[in-house]
Amino acid sequence: MTKQKILFDTDPGVDDALALLYLHRHPNIDLLGITTVFGNAPISVTTRNARFLAEAWGIKAPVHAGAAVPLNWSGAPHPYPVHVHGANGLGNYPIAQEPREEMDTAARFIVDSIRQNPGQVRLLAVGGLTNLARALETDPAIADLVQDVVVMGGAFEIPGNVSPVAEANIYADPHAADRVFAASWKVTAVPLNLTGRTVITREALATISADANPEMQMVAALSQGYIDFYLQWGEAGMLVHDCSAAVFLTDPDLFTTRPGSVVVIKEGPAAGLTLQRLGAARYSPSEWDRRRTQLVCVGGDAAGILARIYDVCATPRN
Ligand code: BDR
Ligand code: CA
């Protein structure tokens, strides 16, 4: 079987780490590159973390640093979620390398990779969408050259996780998110509606990682504070946001999708709110008509998604 060519845009990030492990270990995935974005920590830290994980796990794909701030940004960035992902973005797992300033090459790398593999690249974005929006700005033609875009993000008709209406990745850069959903490429969103149900308990994580490969044992170790955060908020364990979106690449049948164009509210108290056009009612011509129909995973087989993650990530090293 031909391997899927994946570009992974990420802000590691505890749940990002599990997603990276899934992409690395999945036999049908060819990871072309990793691009980083601010979000769970500053860009120097998320990039350092991506390099750390890639080196620790023997991932050959290049790492390219990306955006440090959202599009149209004039103030200070939102506070980084140290209470969720730890002060170092990876659950305070010990990391010897210090973060450092790097050139922002992510958008250019995304464009070049898509141009070199027309019709073949799938973009998986599990952080704010600034790099994707900037890649589109650099070369709008990539929208018709990429295979598709899968985004972990959004909260459709349910409460958000960083504001009453917004999910963290969309809230990180609502202007970029709106551009990504408005473009002519095919986008599938894997929002909180589903990832709020893909939960791994501390006990299950201990069980699956006990005899697993060292990579999975590292993920289990760095996830402990993340689990504490979710337990404190009444969840049964850690919410598997980013890796659920990774599973969509390989096992779309486990997901229930809903078609309709998507708009993101960009400013004000509702910034980051994701709205999808539902039904085929006739309205006066508007911006909604000009947008491509995108897919939103409003549901899916949460147990099946977790089973795939266990199969791929937690098998013993052979
Ligand atoms: C998303 O926000 C980040 O904290 C996680 O890594 C995930 O991508 C969940 O809302
Ligand atoms: Ca993330």
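1. Helix α7 (residues 174–182) is largely enclosed by the rest of the structure, because seven of its nine residues are buried. Buried means under 20% relative accessible area, with a 1.4 Å probe and protein chains only. The buried residues are P174, H175, A176, A177, D178, V180 and F181. Their cover includes α5 (130–138), α6 (168–172), β6 (187–190), β10 (262–264) and β12 (294–300). Helices (H or I, at least four residues) and strands (E, at least two) are DSSP runs, numbered from the N terminus.

2. A word on the basis. This is a predicted model: local features need pLDDT of at least 70, side-chain atom pairs count only at pLDDT 80 or more, and totals for chains, interfaces and linings use all residues. Residues are numbered from 1 along each chain as its sequence is written, chains are lettered from A and ligands numbered from 1 in the order in which they are written, and side-chain values use heavy atoms, with hydrogens and water left out.

3. Now the sheet. It is open, has eight strands and runs β3-β2-β1-β4-β5-β6-β12-β9, with mixed pairing. Two strands pair if DSSP finds at least two bridges between them. The edge strands, β3 (63–64) and β9 (255–260), each pair on one side only.

4. Strand β6 has parallel partners. Strand β5 (residues 148–152) pairs with β6 over four bridges, in the parallel sense; V151 has A189 as its bridge partner in β6. The pairing of β6 with β12 is also parallel, over two bridges. There, T188 is bridged to L295.

5. Which residues cover the two faces of β6? V187 and A189 lie on one side, T188 and V190 on the other, and all are buried. In a regular strand the side chains alternate between the two faces of the sheet. T188 has a relative accessible area of 1%. Leaving aside neighbours within four places in sequence, T188 contacts V149, V150, V151, F248, L295 and C297. Contact means heavy atoms within 4.5 Å.

6. α1 lies across β1 (4–10), β2 (29–36) and β4 (121–125), at about 165 degrees to β1. Helix α2 (residues 43–57) packs on the sheet, touches β2 and β3, and makes about 150 degrees with the direction of β2. Axes are lines fitted to C-alpha atoms, for helices over the stretch in contact; angles run from 0 to 180 degrees between N-to-C directions.

7. The largest nonpolar core has 63 residues, and L18, L124, M216 and I309 have the most contacts inside it. Helix α1 (residues 14–25) gives the most to this core: eight residues. A second, separate core of 34 residues includes I110, I114, A135 and A189. A nonpolar core is a set of buried Ala, Val, Leu, Ile, Met, Phe, Trp, Tyr and Cys residues joined through side-chain atoms within 4.5 Å.

8. Finally, the calcium ion (ligand 2). Its protein donors are D11 (OD), D16 (OD), D16 (OD), V126 (O) and D242 (OD), at 2.3 to 2.7 Å. Donors are N, O and S atoms within 2.8 Å of the metal (3.2 Å for Na, K and Ca); water is not among the atoms, so sites may look incomplete. The spacing along the chain is D-x4-D-x109-V-x115-D. D11 and D16 are both buried.

Technical notes. Buried means under 20% relative accessible area, exposed over 50%, partly exposed in between (1.4 Å probe, protein chains only).
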